[in-house]
Amino acid sequence: MPRAGLTPALVAEEAARLSDEEGFRSLSLAAVAKRLGVATPSLYKHVDGLAGLHREVALLGANGLGERVQRAAVGRSGPDALRAAAGAYRRYAHAHPGRYTALQQLPRLAGAEPDLTTDPVRVLAAVLRGFGIPQDQMVHAIRTLRSTLHGFVDLETHGGFGLPEDVDETYALLVEGLVRALHQWPGATERTNTRRSRG
C-alpha cells in the first residue's frame, strides 16, 4: 500500500537508511520506491532523479557527521577536543557507512559550498583553532586531519587491516600522532608552547 504523506525529507531519509544497509553505490530510485511502497515515477515529485537522491543522502551524511563531531567536541579544546572529535568521526562512519561514502562526494554532488546545517569541515576547523593553527594554514591543516581520519576509517571498513594487533589501539595512537603534529604545525608553535608552560 502506498505510503501517505510522502515528502522529500522522508524520501531522503529512506534512501539514506537503504544506502547504510546495502551500500551507497547500489542505491537506486527503484529500490527506494519499493521500500516506500510507491511506484518509481512517484519519487520524481519529491527528488530530482537519481542525482538528486544521491545529493540528498550526501547532505544528510555531512550534516549527521557534523552534528556528531560537534556534540563530541563541545566544551573541550585542544587535544581533548581532537580526541573526542576523532572518536565521533570513526563511530559515525561505522554506524552510517552509506551516508559516509556519500558525503565524500558532496563537492561533486552539491557544489563547493553546499547548504549545510552543521558543516563537518567547519566543526573540524573549530577543533583545530584550539591548537593555534593560523588562518592561512587552516585549509592545509583541515585537509591533513580529514585525510588522516578518512584514510584509517576507509581501510578499516573495507577490511584493510588483517593483522591481529588491536585496531582501536592503532587508532588511538594515530590520533595522538595528530595531536603532536598539530602542536608543531608551522605558525602554531608560540601559542601551543605558551599553553604548555601554563599547564
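## Basis of the model

A residue counts as buried when its relative accessible area is under 20%, as exposed when the area is over 50%, and as partly exposed in between (1.4 Å probe, protein chains only). Tyr89 is buried by this rule, with a relative accessible area of 5%.

This is a predicted model, in which local features need pLDDT of at least 70 and side-chain atom pairs count only at pLDDT 80 or more, while totals for chains, interfaces and linings use all residues. Residues are numbered from 1 along each chain as its sequence is written, and side-chain values use heavy atoms, with hydrogens and water left out.

## Overall architecture

The protein chain has ten helices and zero strands; helices (H or I, at least four residues) and strands (E, at least two) are DSSP runs, numbered from the N terminus. Along its principal axes, the C-alpha trace spans about 65 × 40 × 25 Å.

Of the 199 residues of the protein chain, 42% are buried. The accessible surface is about 11000 Å² (Shrake-Rupley method, 1.4 Å probe; for residues, only the protein chains shown count as cover). Carbon and sulfur atoms hold 52% of this surface. Among contacts (heavy atoms within 4.5 Å) with a separation of 6 or more in the protein chain, 68% are between residues 24 or more positions apart.

Leaving aside neighbours within four places in sequence, Ile133 is in contact with Leu128, Met138, Ala141, Leu182, Trp185 and Ala188.

Ile142 is found in helix H8 (residues 138–157) and is buried, with a relative accessible area of 10%. Residues up to four places away in sequence not counted, Ile142 touches Val121, Ala125 and Leu128. The C-alpha atoms of Ile142 and Leu124 are separated by 6.8 Å, with the two residues 18 apart along the chain.

In helix H4 (residues 78–95), 13 of the 18 residues are buried, so the helix is largely enclosed by the rest of the structure. The expected span, 1.5 Å times one less than the number of residues, is 26 Å for H4, and this agrees with the 26 Å between its end C-alpha atoms.

Helix H3 (residues 49–73) contains His54, which is buried at a relative accessible area of 17%. Not counting residues up to four places away in sequence, His54 touches Phe24, Leu27 and Leu109.

## Aromatic pairs

The whole structure holds three aromatic pairs. Rings of Phe, Tyr and Trp (its six-membered ring) pair if their centres lie within 6.5 Å; planes under 30 degrees apart count as stacked, over 60 as edge-to-face and the rest as tilted. Tyr89 and Tyr100 form an edge-to-face pair, 5.7 Å centre to centre with 85° between the planes. Tyr89 lies in H4 and Tyr100 in helix H5 (residues 97–103), so the pair ties together parts that are eleven residues apart in sequence. Tyr100 is buried, with a relative accessible area of 6%.

The rings of Phe152 and Tyr171 have centres 4.9 Å apart and planes at 55°, so this pair is tilted. The pair links distant parts of the chain, with Phe152 in H8 and Tyr171 in helix H9 (residues 167–183), 19 residues apart. The charged end of Arg90 sits over the ring of Tyr171, 4.9 Å from its centre (NZ of Lys or CZ of Arg within 6 Å of the ring centre and within 35 degrees of the ring normal).
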